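Please read it alongside the coordinates.

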Amino acid sequence: MPRAPKTFPASAIAIEAHGARIAVKGSLGVRTLPELGEALASRRDQAMPRTIELGALSELDTSGALFLSSLRARGVSLTGLRPEHRDLVELIEGLELEPLPKPRSLPRWRELVVETGRGFDAAWRDAYDILAFVGRAVNAVGRALTHPHALRPASISRHIDEAGVRALPIIALMAIMIAVVIGYQSVAQLRPYGGEDFTINLVAVSVLREMGVLITAIMVAGRSGSAFTAEIGVMRAREEVDALEVMGIEPMEVLVVPRLLALLIALPLLTFFADVMGLFGGALISKALLDVSAAQYFDRVRQAADVSDLAVGLIKAPVFAFFIGVIGCMHGLRVRGSAESVGTETTRAVVKAIFLVIVLDALFSVLFEKLGL
Amino acid sequence: MNTRAHSNRAEPILSARGIVNRFGSQRVHDRIGLDVLPGEIVGIAGGSGSGKSVLLKTLAGLHHPNAGEVRVQGRRIETLVAAEKAALIGVLFQQGALFSSLSVAQNVMLPLREHTALPPSAQEPVAAMKLALAGLAADAAVKFPSQLSGGMVKRAALARALALDPRILLLDEPTSGLDPITAGGIDDLIRKLNDSLRITVIVVTHDLATLFSICSRVALLVDGKLTIDTPEGLRQSSEASIRAFLSGPRAEAAMTARRH
């Protein structure tokens, strides 16, 4: 078969029209097809050609053959086809070709209704799943604590290192920064009333009660909650979780409990660390903006805030830790099969954990207000 | 069977010369040479971890060898621009590598959209034709890769590899993980495409049935060296390690199956 050697398939096509018959020369392929289509479309007013002469066709690919067979179906006769090209056209004609089905599309308003319904249904299921998983997690943690031999200290300490120790630098930086932000805003707002000294009270109280624990929890949800989901999710996708179950090892006990316990230990400590760094940031900002020395600053802090403020912040930490851990692990175990579901579950876990942390924080604020703390 | 090569030209469409691939201190390929003639079906076989897939990636220009060169139609593969390479070489990856965010039809139309001037209305019939050629019904076209069975994934990926009518088709384990009937269907399909479209096929496999039933020549990768011969020739090789690969009860069964 004398196929022009070394020609690249994009080689040219030539179309010559002689009234009702046209001759196509050169290469008819997926790249030259648009040209032929245009040439035929431009003569549409003169109706379709009756015959197409293809004796000088050097190359034909399947897309070209498909086009020729569709022309033949419309009553155009193809003449001079080479045997190998005829074989190809016949092969394509022998295929059972149906048009591609259109994806079913709903009217816009119905789509909206369906999506809303789906959303509520998913939220309801989610709430149920979280509740169920919280129950299982509490049960598993309780059993681990009452049967200390079931505890896995090596695993717990690894997770404390990953979720806690390695988070120290970033938590320190964020706590200092948040104190600086509060400090600047307070000075700007209080100065017109001559109350800029109260900046110290604001920084100290808001860091101890709210900002320290909130920043830490959000950071941990982003760093460790996502890591929990991804780690467990990959194990799930590779059937490692199923392997544990078959070996009679409870995934809740080896995967979930150590992570939960590690977070329950690490997050309160991190929060205390964030409080200290936040107060340190307050000292920096007081020196810079108010020219208050460190000694004076800590004197003022002692007057403005007391141990109950610290306690209000710290008591929230284990609660946040528990929910961040539960949601991270739950979404990890929800991964099904494919690798892409690891990604979607991780995103969901982080969003849900941060959302829950903030909702719980609001609830705590109301609670402490009622309790007068 | 041995003279399946359709060309009377001796000039290879794809040739590899002196390919060396090292991973750390391990020499996976030790100055490998391979010439593939237009219209041939060449099998690349070898034990697990012998570097078959790396060799295929090297031939596809996805892996740069430590030494040696790959030429397609006489031109170094590195010098081909993307559009040329797409028109010359189609690859079926082991796991299909279908884009999970696109439907099957969109997967097949992606190369058409990128590399041709076909209007979207003309792309759809072409995609439907490629899917039919690969043995998929039209209702599979709107499905997403996650909804497909293993055999359908291979067929859809094959349809995508054929989208631009490449001259050379590189197949990485086209029948792995498939039941014997589906695997046999894929073998038939490869042979049909080779017969009717004159596509040159290089297939990496350790499915002995595929090697015996469709390959005109087999390149066996043992200890970093390539031994190239017809399947029968390799079975009568003087080297025990080569004979061992292609004999034994499984090979006998595959040979018997082929004769029927």
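## Contact between the chains

In this predicted model, the contact draws on 28 residues from chain A and 28 residues from chain B. On the side of chain A that touches chain B, the helices α1 (33-42), α2 (62-73) and α3 (83-94) of chain A each supply at least two residues, and α3(A) gives the most, with 4 residues. By residue class, that side of chain A divides into 16 nonpolar, 5 polar and 7 charged residues.

## Chain A as a whole

The secondary structure of chain A comes to 12 helices and 5 strands. Whereas a compact globule of 373 residues would have a radius of gyration near 21 Å, chain A has 35 Å, and its C-alpha atoms fill a box of roughly 100 × 65 × 45 Å along the principal axes. Of the 373 residues in chain A, 36% are buried. Among the contacts in chain A with a separation of 6 or more, 80% are between residues 24 or more positions apart.

## A sheet in chain B

Chain B contains an open sheet of 6 strands, ordered β6-β7-β8-β3-β9-β10, in which the pairing is mixed. Because β6 (89-92) and β10 (225-229) of chain B stand at the edges and have a single partner strand each, one side of each is left without a neighbour in the sheet. From one strand to the next, the twist averages 15°. Strand β9 (residues 217-222) of chain B runs antiparallel to β10(B) and is joined to it by 5 bridges; one bridge pairs Leu221(B) with Leu226(B) in β10(B). Helix α5 (residues 150-161) of chain B packs on this sheet, where it touches β6 and β7 (168-172) of chain B, and its direction makes about 170° with that of β6(B).

## Confidence

For the model, the scores are ipTM 0.77 and pTM 0.73. Chain B averages a pLDDT of 84, and 95% of the residues score at least 70.

Notes: Residues numbered from 1 in each chain as written. Chains lettered and ligands numbered in written order. Predicted model: local features only at pLDDT ≥ 70, side-chain atom pairs only at ≥ 80, totals over all residues. Pairing = 2+ DSSP bridges. Axes fitted to C-alpha atoms, helices over the stretch in contact; angles between N-to-C directions. Contact = placed C-beta atoms within 7 Å. Nonpolar A, V, L, I, M, F, W, Y, C, P; charged D, E, K, R; others polar. pLDDT = per-residue confidence, 0-100. Rg over C-alpha atoms; globule rule 2.2 N^0.38 Å. Buried ≥ 20, exposed ≤ 12 C-beta atoms within 10 Å, placed from the backbone.
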